[in-house]
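Have the sequence and the model side by side as you read.

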Amino acid sequence: KYPKWEACVPCQSGKVKNHSGIEECSTCPGGYIPLNGTSCVACEAGTTPSPDHNNEICMPCPIGSVAGSGNASCTPCEAGEAPSE
């Protein structure tokens, strides 16, 4: 049997769906955040999605750590290295 749906509802917080149909909403890949529930955008360099905010906003890396655009996590600079500007 096919399920019987009554209504379409927005994707849950932190999830997206960019096309019509019966597919479920999904999470954005690492390093990306949802935009209007329909697409994912890369976090800018020096920022990553914040788990404390359901990966819906990009937050700056801690001091001494770096991340390229779309990186899922920050990487600490090694001894003898410093973040570039």
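Exposed means over 50% relative accessible area, and buried means under 20%, with partly exposed in between. Please keep in mind that this is a predicted model.

Cysteine 77 is in no disulfide either, and the nearest cysteine sulfur, that of cysteine 61, lies 9.5 Å away. With 23% relative accessibility, cysteine 77 is partly exposed.

## The bonded pairs

How many disulfides does a search of the whole structure find? There are four, and counting bonded cysteines along the chain gives the pattern 1-2, 3-4, 5-6, 7-8.

One of them joins cysteine 11 and cysteine 25, with sulfurs 2.1 Å apart. The S-S torsion is about -75°, so this disulfide is left-handed. Cysteine 11 sits in the segment before β1 and cysteine 25 in the loop between β1 and β2, so the bond ties together parts 14 residues apart in sequence.

## Two further links

Cysteine 28 is bonded to cysteine 40, and this link is left-handed, with -90° about the S-S bond. It connects the loop between β2 and β3 with strand β4. Cysteine 28 is buried at 13%, whereas cysteine 40 is partly exposed at 28%.

Cysteine 61 pairs with cysteine 74 at an S to S distance of 2.1 Å. A torsion of about -85° makes that disulfide left-handed. Here cysteine 61 is buried at 12%, while cysteine 74 is partly exposed at 22%.

How values were computed: Residues numbered from 1 in each chain as written. Predicted model: local features only at pLDDT ≥ 70, side-chain atom pairs only at ≥ 80, totals over all residues. Heavy atoms only, no water. Disulfide = S-S within 2.5 Å. Helix = DSSP H or I, 4+ residues; strand = E, 2+ residues; numbered from the N terminus. Buried < 20%, exposed > 50% of the residue type's maximum accessible area, 1.4 Å probe, protein only.
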